[in-house]
Amino acid sequence: MADDYLVRIGRLIRDARQHRGWTQSQLAEALGTSQSAVNRIERGNQNISLEMIARIGEALDSEIVSLGYAGPMHLRVVGGRRLSGAIDVKTSKNACVALLCAALLNQGRTVLRRVARIEEVYRLLEVLGSVGVRTRWINDGVDLEIVPPAELDLAAIDADAARRTRSIIMFLGPLLHRMDQFKLPYAGGCDLGTRTVEPHMIALRRFGLDLAATEGQYHAVVDRSVRPDRPIVLTERGDTVTENALLAAARHDGTTVIRNASSNYMVQDLCFFLEALGVKVDGIGTTTLTVHGVPTIDVDVDYSPSEDPVEAMSLVAAAVMTESELTVRRVPIEFLEIELAVLEEMGLDHDRTPEYFADNGRTRLVDLTVRPSKLQAPIDKIHPMPFPGLNIDNVPFFAAIAAAAQGKTLIHDWVYDNRAIYLTDLNRLGGRLQLLDPHRVLVEGPTRWRAAEMMCPPALRPAVVVLLAMMAAEGTSVLRNVYVINRGYEDLAERLNSIGAQIEIFRDI
């Protein structure tokens with residue numbers, strides 16, 4: 001029995017390592033052990049402590065085991081079932097994360113309505129709580145109240161929680177107004193000079209922030225004499241880069257112009273929230289934002305983030321792949337118009353209600369009904385572009401939809417290194433996807449999906465795509481270690497079950 005336990009753990013570790021794209025030697029180096037030891041662990045031939053399992057999980061960014069719980073969560077999916085009825089889109093994950101960081105700007109009480117209860121939010125709440133911010137769920141756990149202390153205690157920061165959320169980098173913009181020197185943990189892989197971090201540094205240096213990264217921490221020093229005396233031109237039109245620049249500009253006593261800014265949904269929600277704090281922002285929805293900052297923000301504010309267009313796309317894809325008639329309610333249409341235009345050209349049968357406003361009073365919503373359709377592969381390739389183009393996070397769903405269409409579709413995921421590789425996991429479920437290079441996949445359809453048991457990809461959207469394919473496949477599939485899905489979706493399995501899916505949550509270690 002003990003040997004079987006070690007073999008199962010070893011398989012989970014091997015699968016997580018392979019999904020990360022690491023060799024046994026790379027994992028051994030990260031753990032400070034030998035390649036032969038890793039080999040024995042993966043074969044189930046070596047006793048392994050819970051501490052070592054946790055270290056391996058942290059190195060691979062994969063929840064091999066949850067200390068204090070029965071073990072990692074898995075999903076058992078009985079596929080081939082039609083969905084029906086209606087389902088509401090939840091509030092935006094990415095907006096909620098940005099607003100939690102933005103609450104650090106405010107000395108007063110912040111209430112955020114219908115906050116997404118996901119792992120990424122929980123990690124940020126753990127970090128905020130550890131430095132003295134008081135947070136509590138109110139109104140039967142629907143809304144979130146945030147009250148910051150007079151002084152933050154960064155020395156007490158929960159480093160483990162901080163390293164498990166890539167959003168920690170968005171603390172930099174608010175914190176540079178609160179202290180002259182500070183340290184922050186950073187998630188593995190976010191080294192200075194990489195594409196994901198350097199654009200943040202370029203923008204924040206204009207506010208006097210100097211940053212060094214050593215021993216797993218950002219070491220920040222703020223020079224109060226440095227002020228943005230000319231427009232800040234972002235070297236990357238990234239969402240979090242734009243948000244960090246906005247957070248820094250909000251309490252800068254003067255006017256800041258940000259050019260080449262993202263105008264995506266989470267950036268717009270952050271701008272609306274800043275306006276509720278008393279910060280005027282001109283150009284919302286464009287690539288040039290003018291921020292009229294205020295040095296002190298001390299207001300009680302109540303704000304409702306809008307719905308998540310990527311979750312809406314997930315639900316549309318679920319209907320398409322299971323050949324179902326489904327109504328997706330509260331869809332933020334202005335952030336899905338390109339996607340729906342492409343789907344219309346592919347032959348999607350759908351209709352939508354007249355537009356109405358989200359609870360923030362600004363974002364336009366519709367209810368969207370999708371019906372079973374005979375889809376054809378699009379003439380052009382599928383590729384993302386900054387808003388108002390096709391959303392970067394929606395590209396993986398088009399890979400799955402293309403697998404249900406007649407013909408060949410080229411998917412060009414040029415933004416993320418290696419994410420396209422994870423899409424080929426659909427081949428284990430009957431897909432015909434050919435990886436052309438780390439960014440391009442050729443998808444051939446239609447697909448006769450088949451059940452399988454497999455490890456969850458470590459990338460959020462490809463992981464959900466695999467789950468949707470399992471829902472379309474006749475028979476019973478198992479998707480192991482779905483922590484990454486829980487990072488971005490609230491109660492996804494239960495909500496899909498409410499419209500006709502059959503998904504069971506279980507743990508076996």
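Modeller: The chain exposes about 20200 Å², and carbon and sulfur atoms supply 46% of that area. Accessible areas follow the Shrake-Rupley method with a 1.4 Å probe, and for residues only the protein chains shown count as cover. This is a predicted model: local features need pLDDT of at least 70, side-chain atom pairs count only at pLDDT 80 or more, and totals for chains, interfaces and linings use all residues. Numbering runs from 1 along each chain as its sequence is written, and side-chain values use heavy atoms, without hydrogens and water.

Now the charges. The chain carries 55 positive and 66 negative side chains. Lys and Arg count as positive, Asp and Glu as negative; His and the chain ends are left out. The centres of the two sets lie 3 Å apart, with each charge placed at NZ of Lys, CZ of Arg, CG of Asp or CD of Glu.

The whole structure holds 33 salt bridges (a side-chain nitrogen of Lys or Arg within 4 Å of a carboxyl oxygen of Asp or Glu). One of them joins Arg109 to Glu145, at 2.4 Å from N to O. These two sit 36 residues apart: Arg109 in the loop between helix H5 (93–102) and strand E3 (110–112), Glu145 in strand E5 (residues 143–147). Helices (H or I, at least four residues) and strands (E, at least two) are DSSP runs, numbered from the N terminus. Arg109 is partly exposed at 34% relative accessible area. Glu145 is buried at 4%. Buried means under 20%, exposed over 50%, partly exposed in between (1.4 Å probe, protein chains only).

Another salt bridge links Arg419 and Asp413 at 2.7 Å, N to O. Both Arg419 and Asp413 are buried.
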